[in-house]
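Subject: Handover of a structure

Dear colleague,

I am writing to hand over the structure shown below. My findings follow it, arranged by topic.

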Amino acid sequence: KSTLVVYKCSDWSVAAELKFKKAPRSMQFSRINSEFLAVAGDGSIVYLISSDGWKIVREVTFSSKVNALSFSRNDERLAVGTSDGVMSLLDSQHDWGLAGEHDSKESPVLALDWSSNGSHFAVGREDGIVSIHESKSVLANFFVPQKELTRGGALVYTLAFGSAGNFLAVGGGDWKIAVYSSRGGWALVHEIKLGGWISSVRWSNNAKYLAFGGKDPAKGGRVVDTNSWDPIEELAKNESPKSGVGIGEELCSLCWSNDDRFVAFGGSTGNTRIVDVSSWEIVYLMDHEGKIKNLQKFTIPKLRNTDTDDDFSIASGYTNKTSDSSKRNDKRSFLASTAKSILHDLAVADSLKKPKNGMGEPGVYDWERLPIVMEFIESSEEFLDLYKIEEPPKRIRLYVKCITMLEQHVQWITHMVMKKDAHRRALAMDDGEPISALLNVLV
């Protein structure tokens, strides 16, 4: 028999041990308060387990082996992907009955994901096809895809949306992680090459990092900074005995804690390594016999942030909604004063249109020390922080999205121009014209 172990992340003690005849291939907690745990075990059976007592409350049997599970944003539906090519939807409000089914006689479904913002739903198949749907259409049982991506016939073993639903990472049998952007109709924007199949890929909840693992034992688990796509050096160098996750074994699964403080890697030796993101060192090792098939998100109790004295709910990843609104008013005042000071940087922006050094090297400026850049990064973070909790007013909703995108571009350029590598600086700065145009946008 195979054992599924549930841990309490407050002290890493065992909360429950569940026995199955076969190793579960997929599992997922429901998104709201982790009320249910869905487990695809024993071939074609999906078990719905209540986290209150860890008892099985429902068993649903399918006509073929279950490969993938995914809860929708508000847990209205549980999507189930099977080897006969069928994608089924179970209704959580009606005793997990069948609410819809997409049976197009296509190849086996191997991967599923709903974006956390509720906008998109993706299906990955063995034939290398990824179909992207609007979530609202899927919930209405309308299964015509918004876009179909192809990976050249290589099976799609794993896929994951970024937190805002704007990016989709796909991995599988072509030994690559492909990153697509919703801008331009899900265009390919980046690829990462490994030495074997990609078995798991997950974004951090703030989309700052992308973690992945696969069947190349020389690489182990890896994390890249999504601003530059550079690997985290502490993990890549493997200089510390506590760093370098899973070197020497296949990485089968991984996941992030809801507050992004930890990332967990499960390997073929049966070990689960918990890595502290602040130091990128292994802080806990769970040792089991046999291969770990799947990991799911941590459920961690409320902790206190000692720097700001705010309460943080780790399960939601956001500051407590009941915090004092005066802090948001202070931020708005800060934004108003900052906007006035930025206008004084017009002359500085104009001066950057000409190279600074005597060699005539175009575009290599003191970008990171520009007042307008520093002020934009600071004020944009303050501005966007206002809407981590509450939905922005309708009249500025598009503006919030634009500022989010612009902030990513500015941070990427800032990161690249601070590199000593001349090639990387050139990639960011180009011939100076894009930088000048971006500065005008900031002003």
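Which element gives the most to the lining of the largest cavity? Please note before the reply that the model is a predicted one.

**The cavity**

The strand in question is β12, which contributes three residues to the lining of the largest cavity. The structure holds one cavity of 30 Å³ or more, and the space in the largest cavity comes to about 40 Å³. Its lining is formed by Met87, His102, Phe121, Val123, Arg125, Ser131, His133, Val138 and Phe143. Two elements, β12 (120-125) and β13 (129-134), each give two or more residues to this lining. As a general point, rolling a probe the size of a water molecule over the atoms shows where empty space is left.

A second topic is strand β16, which covers residues 167-172. Five of its six residues are buried, and β16 is therefore largely enclosed by the rest of the structure. Here, buried means under 20% relative accessible area.

Strand β15 (residues 156-161) pairs with β16 in the antiparallel sense, over five bridges. Within this pairing, leucine 159 has valine 170 of β16 as its bridge partner. The hairpin of β15 and β16 has five residues between the strands, and glycine 165 in this hairpin takes a positive phi near 75 degrees.

Strand β17 (residues 176-181) is also joined to β16 by five bridges, and these two strands run antiparallel. Leucine 168 has tyrosine 180 in β17 as its bridge partner. In the hairpin of β16 and β17, three residues lie between the strands, and tryptophan 175 takes a positive phi near 65 degrees.

**The sheet from β19 to β22**

The last topic is an open sheet of four strands. Its order is β19-β20-β21-β22, and the pairing is antiparallel. Why is one side of β19 and of β22 left without a neighbour in the sheet? Strands β19 (198-203) and β22 (230-231) stand at the edges and have a single partner strand each, so one side of each lacks a neighbour there. For β19, five bridges form the link to strand β20 (residues 209-214), and the two run antiparallel. Tryptophan 203 stands opposite leucine 210 in β20.

With kind regards

Note on methods
Residues are numbered from 1 along each chain as its sequence is written. This is a predicted model: local features need pLDDT of at least 70, side-chain atom pairs count only at pLDDT 80 or more; totals for chains, interfaces and linings use all residues. Side-chain values use heavy atoms; hydrogens and water are left out. Two strands pair if DSSP finds at least two bridges between them. On a 1 Å grid over the protein atoms alone, a cavity is a set of points where a 1.4 Å probe fits but cannot get out, and a pocket is an open set with protein on both sides within 12 Å along at least five of seven lines; lining residues have an atom within 4 Å of a point. Grid points are joined across faces, edges and corners, and a volume is the space filled by probe spheres set on the points. Buried means under 20% relative accessible area, exposed over 50%, partly exposed in between (1.4 Å probe, protein chains only).
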